[in-house]
Amino acid sequence: MRLKMWLPLCMLAQVMFAQLAEAQATGGLPYTTGSVWTVSMIRSTAGFRNDYLRSLATTWKRVMEEAKRQGIVLSYRILSAQPAGPEDWDLLLMVEAKNWAALDGIDEKFDAIQQKVLGDEAARRQLATKRIEVRRTLGSKTAQEIFLK
């Protein structure tokens, strides 16, 4: 008689545990995470856009290529767009890192690369001063790419 009482309870518990396991397996986040991007929004000065891009081709690109070679960044890109207004960007500089942990100590790593590629502090300051004339940095963000499941 006792067996008859326990059998339905055991079956009910088994069904409930199966449903709980299924809910946990299909629950969770609706996405998986990908790489981390640092994005700089740039507004080139009217008439100096190509000058700025030439400067990037001879400096920024060399720094990014060295960073890729060292495994610090995965990739880099530049997007070009028509600005929506006077305070909008026309160039988006994007740098991809593997994950958030890859950004640990990133300033020191890039400082060493810039010194190797661009020269000492005085040379880098001179380059930064020249760039003030041909562009404005409107801001930057770091964000993680996500992929919907």
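**Starting from Ser40**

Ser40 comes out as partly exposed, with a relative accessibility of 22%. On the scale used here, buried means under 20% relative accessible area, exposed means over 50%, and partly exposed is whatever falls in between, with a 1.4 Å probe and protein chains only. Keep in mind that this is a predicted model, where local features need pLDDT of at least 70 and side-chain atom pairs count only at pLDDT 80 or more, while totals for chains, interfaces and linings use all residues. Residues are numbered from 1 along each chain as its sequence is written, and side-chain values use heavy atoms, with hydrogens and water left out.

So what is around Ser40? The residue sits in strand β1 (helices, H or I with at least four residues, and strands, E with at least two, are DSSP runs numbered from the N terminus). Ignoring neighbours within four places in sequence, Ser40 is in contact with Leu91, Leu92, Leu93, Gly139 and Ser140, contact being heavy atoms within 4.5 Å. Gly139 is 99 residues away along the chain, yet its C-alpha lies 6.0 Å from that of Ser40.

Let's zoom out for a moment. The chain has 5 helices and 4 strands, and from the N terminus they run α-β-α-α-β-β-α-α-β. Among contacts with a separation of 6 or more, 76% are between residues 24 or more positions apart. Of the 149 residues, 26% are buried. The exposed surface comes to about 10700 Å², with 59% of it from carbon and sulfur atoms; accessible areas follow the Shrake-Rupley method with a 1.4 Å probe, and for residues only the protein chains shown count as cover.

Back to β1, this time to walk along it. Thr33 belongs to this strand and touches Gln144, Glu145 and Phe147, residues up to four places away in sequence not counted. Its C-alpha is 4.5 Å from that of Ile146, although 113 residues separate Thr33 and Ile146 in sequence. Thr38, also found in β1, is partly exposed at 27% relative accessibility. With neighbours within four places set aside, Thr38 is in contact with Leu93, Met94, Val95, Lys141 and Thr142.

In the loop between α1 (2-26) and β1 you'll find Pro30. This proline is exposed, at 52% relative accessible area. Beyond its neighbours within four places in sequence, Pro30 is in contact with Phe147, Leu148 and Lys149.

Now for the inside. In soluble globular proteins, nonpolar side chains tend to be buried together. A nonpolar core here is a set of buried Ala, Val, Leu, Ile, Met, Phe, Trp, Tyr and Cys residues joined through side-chain atoms within 4.5 Å. The largest one has 18 residues, and those with the most contacts inside it are Tyr52, Trp60, Met64, Ile72, Leu93 and Phe110. Helices α2, α3 and α4 and strand β3 each supply at least two residues of this core. Apart from it there is another core, of 5 residues, including Val39, Met41, Leu92 and Met94.

Last stop, the largest pocket, with a volume of about 840 Å³. Its lining counts 33 residues, and the closest to the centre are Ser40, Trp60, Met64, Phe110 and Gln114. On a 1 Å grid over the protein atoms alone, a pocket is an open set of points with protein on both sides within 12 Å along at least five of seven lines (a cavity, by contrast, is a set where a 1.4 Å probe fits but cannot get out), and lining residues have an atom within 4 Å of a point. Points are joined across faces, edges and corners, and the volume is the space filled by probe spheres set on them.

Which elements supply at least two residues each to this lining? They are β1 (31-44), α2 (49-58), α3 (60-69), β3 (91-97), α4 (106-118), α5 (121-134) and β4 (135-148). By class, the lining has 18 nonpolar, 7 polar and 8 charged residues, where Ala, Val, Leu, Ile, Met, Phe, Trp, Tyr, Cys and Pro count as nonpolar, Asp, Glu, Lys and Arg as charged, and the others, Gly among them, as polar.
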